[in-house]
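Here are my notes for your first read-through. Keep the model open beside them and check each point as you go.

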Amino acid sequence: MLIASRIDGNAKLRLSLDDRGLAYGDGVFRTVLITDRQAVDSEGQVDHLTDDAQRLNLGVPSRARLLAELDWAGRLVENGCCKLLLTRAATHRGYAPGPASAIARLICLVYAGHGVPRGEPCRLRSCSLQLTQQAALAGIKHLNRLEQVLARAEWSDPAIDEGLLMDVDGMVVGGTMSNVFWVENERLTTPDLSLCGVAGRMRARVMQAAVELGMPCIQARVAAAHCRANASEFFLTNSLWGLRAVSHWEDIRFAPGPVALRIAEYLRLGSTC
């Protein structure tokens with residue numbers, strides 16, 4: 001439930017109807033977990049938000065200002081989440097982005113609760129929608145998420161927790177709202193996102209944890225059929241879920257796996273099984 005919002009630090013401001021984030025999806029965002037009135041991994045989240053904004057040539061507010069929004073959100077809710085959005089404020093009509101010196105509009109949305117089944121295994125299905133390839137946008141968590149919207153509309157069964165997306169070549173990319181990892185021949189793998197997909201912050205944390213634990217993670221373009229035939233563990237990540245083991249991928253069943261559990265414990269995410 002949305003309990004508070006503000007724009008550029010002002011709760012009384014309202015979003016302009018010609019905002020480019022609304023008109024064109026011209027902006028970026030990150031969703032940050034709040035636990036015990038603290039924004040989780042705030043520094044890392046700000047890093048990723050800033051990197052994404054810079055790839056779109058958005059003028060980024062100061063780091064102190066971004067962190068201040070997360071602090072403000074933590075004072076408002078004990079457990080929930082905060083969504084930070086940066087949009088390119090409109091200066092004129094049309095696609096031309098306007099002056100590069102303009103600082104992006106900062107929108108902060110604060111939600112109480114998140115309904116996250118942390119620690120519960122999940123059921124996965126394959127989506128029929130295929131992601132388009134655009135290297136200029138690959139990895140960025142930009143505001144145009146229509147592909148994910150269409151993919152999520154493919155099912156209404158509450159027993160299905162997430163849908164797996166492939167690209168136009170049939171290669172695994174990620175979930176509609178998550179990144180994916182699997183274990184094959186005792187090797188941790190995650191999709192190569194150089195052509196499409198979103199590089200989530202929790203994905204980066206898991207990859208770094210794997211390195212620190214002595215089991216480096218490779219990034220590869222792998223077909224869904226190969227994953228189904230060869231993966232011994234499969235798990236999903238995002239900043240609200242943390243890490244969730246996949247128990248079923250349609251007719252494929254996965255047993256609780258030691259790799260996911262070890263990483264979850266290392267990152268203090270709790271059990272995944």
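1. In which strand is T31 found? T31 belongs to strand β2, which covers residues 27–35. Remember throughout that this is a predicted model. T31 has a relative accessible area of 18%, so T31 is buried; the cut-off for buried is under 20%. Find its contacts next. Leaving aside neighbours within four places in sequence, T31 is in contact with Q45, C81, C82, K83, S239 and L240.

2. Now the sheet around β2. Five strands form an open sheet in the order β1-β5-β4-β2-β3. The pairing is antiparallel. Two strands sit at the edges: β1 (2–7) and β3 (38–39). Each of these edge strands pairs on one side only. In general, strands of a sheet pair through backbone hydrogen bonds, either parallel or antiparallel.

3. Take one pairing in detail. Strand β4 spans residues 80–87, and strand β5 spans residues 105–112. The two pair in the antiparallel sense over eight bridges.

4. L143 lies in the loop between β6 (122–131) and α4 (146–152). How many residues apart along the chain are L143 and G21? They are 122 residues apart, yet their C-alpha atoms are separated by 6.8 Å. L143 also touches G25, D26, G27, V28 and F29, as well as L85, L86 and T87. That list, which includes G21, leaves out residues up to four places away in sequence.

5. Helix α7 runs from residue 258 to residue 266. Which of its residues are buried? They are V259, A260, I263 and A264. These residues cover an arc of only 125 degrees around the axis, so they lie on the same side of α7. The face turned away from that buried side carries the exposed residues P258 and E265.

6. Just after α5, G214 takes a positive phi of about 80 degrees.

7. T189 is in strand β10. Is T189 buried or exposed? T189 is buried, because its relative accessible area is 2%. Not counting residues up to four places away in sequence, T189 touches V180, F181, W182, C217, I218 and A220.

8. Turn to the aromatic rings. The count comes to five aromatic pairs. One of them is F181 with F235, a stacked pair: 5.2 Å centre to centre, with 10 degrees between the planes. This pair links distant parts of the chain, with F181 in strand β9 and F235 in strand β12, 54 residues apart. F181 counts as buried because its relative accessibility is 0%. F235 is buried too, with a relative accessible area of 0%.

9. F234 and W249 form a tilted pair, 5.1 Å centre to centre and 45 degrees between the planes. This pair also links distant parts of the chain: F234 is in strand β12, W249 is in strand β13, and they are 15 residues apart. With a relative accessible area of 2%, F234 is buried. W249 is buried at 0%. Ring pairs link W182, F234, W249 and F254 into a cluster.

10. Finally, find two charges over rings. The charged end of R6 sits over the ring of W72, 4.1 Å from its centre. The charged end of R152 sits over the ring of W155, 4.0 Å from its centre.

Terms used: Residues numbered from 1 in each chain as written. Predicted model: local features only at pLDDT ≥ 70, side-chain atom pairs only at ≥ 80, totals over all residues. Heavy atoms only, no water. Buried < 20%, exposed > 50% of the residue type's maximum accessible area, 1.4 Å probe, protein only. Helix = DSSP H or I, 4+ residues; strand = E, 2+ residues; numbered from the N terminus. Arc of directions from axis to C-beta. Phe/Tyr/Trp six-rings, centres within 6.5 Å; stacked < 30°, edge-to-face > 60°. Lys NZ or Arg CZ within 6 Å of the ring centre and 35° of its normal. Contact = heavy atoms within 4.5 Å. Pairing = 2+ DSSP bridges.
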